[in-house]
Amino acid sequence: MNTPNNKRKKLSQEKIEKVFVELLQTKELYQISVTDICKISHLNRSTFYANYIDIYDLADKVKEKLETEVQILYKDETTNKYNSNDYLKLFYHIKENQLFYKTYFKLGFDNKHSIFNYDTNLSKKFFNDKFIEYHIAFFKNGLNSIIKLWLKNGCKESPEEINSIIKSEYAHRKN
């Protein structure tokens, strides 16, 4: 019986996702076929289709998995409804999962979703509750650009150094 959480099913999903992420490093999404994934992962097409509708569903599942992992990083903050503005744990997660983040950005998910929460209350305080949407857009795009550049350069800098760069951009602001 193929129950939703059985070990074999999870191993198949992990194999498929790993091959998919690796292929995305050299190909565009539309260039990847189910056949490619099945050949490389040594799995049957029926195994692929038992887990995913198509390549686009697989891409969505990879995105959801990454976003869930990031939500877990900030679970305490979400539960207790506060924002620590602690991006260091995010930067460690990025460094440890570079291929998944490269995939996330390559697929353009950052344009539709956000993997981090913006501290709206703090920005209202800093900017007298004016033009908040613009400040949010500026910060998110700036942070995404820094992360993309860091990934492109192989995450050579430490998470602490990247965190320091972000903090230095806002050093003139007083809490």
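**Aromatic pairs and a buried serine**

Student: In this predicted model, is Phe48 buried or exposed, and what is its relative accessible area?

Tutor: Buried means under 20% relative accessible area. Phe48 falls in that class, so Phe48 is buried, with a value of 0%.

Student: How many aromatic pairs does the whole structure hold, and what kind of pair do Phe48 and Tyr52 form?

Tutor: The search of the whole structure finds seven aromatic pairs. For Phe48 and Tyr52, the ring centres are 5.4 Å apart and the planes make 45°. Planes under 30 degrees apart count as stacked and over 60 as edge-to-face, so the remaining class applies. The Phe48 and Tyr52 pair is tilted.

Student: Which residues do ring pairs link into a cluster with Phe48?

Tutor: Tyr52, one member of the cluster, is itself buried at 3% relative accessible area. Ring pairs link Phe48 with Tyr49 and Tyr52.

Student: How many residues apart in sequence are the parts that Tyr87 and Phe139 tie together?

Tutor: The rings of Tyr87 and Phe139 form a tilted pair, with centres 5.9 Å apart and planes at 45°. Both residues are buried. Tyr87 lies in the loop between α5 (75-80) and α6 (88-96), whereas Phe139 lies in helix α9 (residues 132-152), so the pair ties together parts whose separation in sequence is 52 residues.

Student: Leaving aside neighbours within four places in sequence, which residues is Ser12 in contact with?

Tutor: Ser12 belongs to helix α1 (residues 7-24). Ser12 is buried, with a relative accessible area of 11%. With those neighbours left aside, the contacts of Ser12 are Leu43, Thr47 and Asn51.

Note on methods
Residues numbered from 1 in each chain as written. Predicted model: local features only at pLDDT ≥ 70, side-chain atom pairs only at ≥ 80, totals over all residues. Heavy atoms only, no water. Phe/Tyr/Trp six-rings, centres within 6.5 Å; stacked < 30°, edge-to-face > 60°. Buried < 20%, exposed > 50% of the residue type's maximum accessible area, 1.4 Å probe, protein only. Helix = DSSP H or I, 4+ residues; strand = E, 2+ residues; numbered from the N terminus. Contact = heavy atoms within 4.5 Å.
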